[in-house]
Amino acid sequence: MLPWKRVLRPLTALLLTAAVALVPAATAHADSAPSSGWNDYSCKPSAAHPRPVVLVHGTLGNSVDNWLGLAPYLEHRGYCVFSLDYGQLSGVPFFYGLGPIEKSAEQLQVFVDKVLAATGATKADLVGHSQGGMMPRYYLKFLGGAGKVNALVGIAPNNHGTTLSGLTNLLPYFPGAEDLLSMATPGLADQVVGSAFMAKLNAGGDTVAGVHYTVIATQHDEVVTPYRTAFLSGSDVHNVLLQDLCPLDLSEHVAIGLIDRIAFHEVTNALDPAHATRTTCASVFS
């Protein structure tokens with residue numbers, strides 16, 4: 001890819017963030033998602049899939065659009081699937097995940113409790129894209145989530161902060177830019193490499209005991225950069241590079257969570273490791 005294209009992608013993301021307050025879009029809610037497994041609170045986990053799956057969207061995503069690919073994929077395979085909206089800023093419709101991540105983790109805590117109460121399960125599995133693959137780690141580590149979660153599967157998660165293809169390195173050269181970012185979109189500021197939130201999240205180790213961690217990353221990620229910062233360290237961690245499974249897979253940060261059935265296949269392997277099958281380029285047809 002030409003260097004200018006690598007710059008344009010993250011720049012587009014920043015421009016979108018600056019424009020969200022001007023978007024006259026209607027808010028999308030989880031309640032509008034298809035039922036019969038996806039946000040159907042009458043769904044009871046089966047013996048084959050005894051835990052509900054909670055999908056956690058990424059920054060600027062929401063509980064519906066982020067999961068139009070993966071939610072039906074899991075539902076078709078017999079899982080009870082749920083998704084939530086979190087991190088909404090006042091006056092900003094449709095786009096979520098922009099609020100302080102610690103507060104977003106509290107919203108996840110409430111939602112998981114709701115899902116467990118409805119399904120009768122004692123534990124849930126969490127699958128998150130981007131911020132949604134990282135934010136649950138705060139819930140697990142500081143809000144008692146480890147006792148209620150069996151597995152966390154992160155799809156291109158921003159686990160150690162990002163440089164956004166180097167753009168965050170420019171912030172110190174623009175007086176007031178860092179303060180403005182923190183005030184306007186704290187959920188973004190928390191994700192910058194070296195932030196106080198990232199330091200707190202990763203102090204003392206990446207993982208907590210009792211939870212199975214899987215990270216699925218892509219070498220074409222232009223948002224979580226360098227892409228290997230998505231990977232976790234710990235005794236119960238499975239780090240997966242998408243291109244090791246299928247060298248032809250060109251998915252970048254957005255596509256890996258929205259449409260990539262190779263990544264989806266690896267998600268199901270993480271949710272049900274006892275019946276895992278090899279993930280290859282042919283998994284797009286599974």
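Predicted model: local features only at pLDDT ≥ 70, side-chain atom pairs only at ≥ 80, totals over all residues.
Me: What makes strand β5 (residues 212–217) and β6 a pair?

Reply: They are joined in the parallel sense over five bridges. Two strands pair if DSSP finds at least two bridges between them, so β5 and β6 qualify with their five. One place to look is Thr214, whose bridge partner in β6 is His238. Residues are numbered from 1 along each chain as its sequence is written, and side-chain values use heavy atoms, with hydrogens and water left out.

Me: Which order do the six strands of the open sheet take?

Reply: The order is β2-β1-β3-β4-β5-β6, and the pairing is parallel. At the edges are β2 and β6 (237–241), each of which pairs on one side only. From one strand to the next, the twist averages 15°; the axes behind it are lines fitted to C-alpha atoms (for helices over the stretch in contact), with angles from 0 to 180 degrees between N-to-C directions. Besides six strands, the chain has ten helices.

Me: How do you know that Cys43 and Cys80 form a disulfide?

Reply: Their sulfur atoms are 2.0 Å apart. A disulfide is a pair of cysteine sulfur atoms within 2.5 Å, so this pair passes. The angle about the S-S bond is -80°, and the link is left-handed. Cys43 sits in the loop between α1 (3–19) and β1 (53–56), and Cys80 in the loop between α2 (70–76) and β2 (81–84), so the bond ties together parts that are 37 residues apart in sequence.

Me: Why is the disulfide of Cys246 and Cys281 given its handedness?

Reply: The torsion about its S-S bond is about 100°, so this disulfide is right-handed. It joins distant parts of the chain, 35 residues apart: Cys246 is in the loop between α8 (242–245) and α9 (255–258), and Cys281 is in the segment after α10 (261–271). Here too the sulfur atoms are 2.0 Å apart. Counting bonded cysteines along the chain, the pattern is 1-2, 3-4.

Me: Is Cys246 called buried or exposed, and why?

Reply: Buried means under 20% relative accessible area, exposed over 50%, and partly exposed in between, using a 1.4 Å probe and protein chains only. Cys246 has 3%, so it is buried. Cys43 and Cys80 are both buried. Over the 286 residues of the chain, 53% count as buried.

Me: What is Glu102 called, by its relative accessibility?

Reply: Its value is 32%, so Glu102 is partly exposed. Glu102 belongs to helix α3 (residues 101–119). Contact means heavy atoms within 4.5 Å, and, not counting residues up to four places away in sequence, Glu102 touches Tyr138, Phe197 and Lys200.

Me: Which residues touch the most other members of the largest nonpolar core?

Reply: Val54, Leu108, Leu126, Tyr139 and Leu140 do, in a core of 38 residues. Two or more residues each come from β1, β2, α3, β3 (124–129), α4 (131–142), β4 (149–155), α7 (196–202) and β5. The largest share, seven residues, is from α3. Another core lies apart from it, with 25 residues, among them Ala71, Val153, Ala156 and Leu242. The name "nonpolar core" applies to a set of buried Ala, Val, Leu, Ile, Met, Phe, Trp, Tyr and Cys residues joined through side-chain atoms within 4.5 Å. In soluble globular proteins, nonpolar side chains tend to be buried together.

Me: What makes α4 "mostly covered"?

Reply: Ten of its twelve residues are buried, including Met134, Met135 and Tyr139. Just after α4, Gly144 takes a positive phi of about 80°.

Technical notes:
Helix = DSSP H or I, 4+ residues; strand = E, 2+ residues; numbered from the N terminus.
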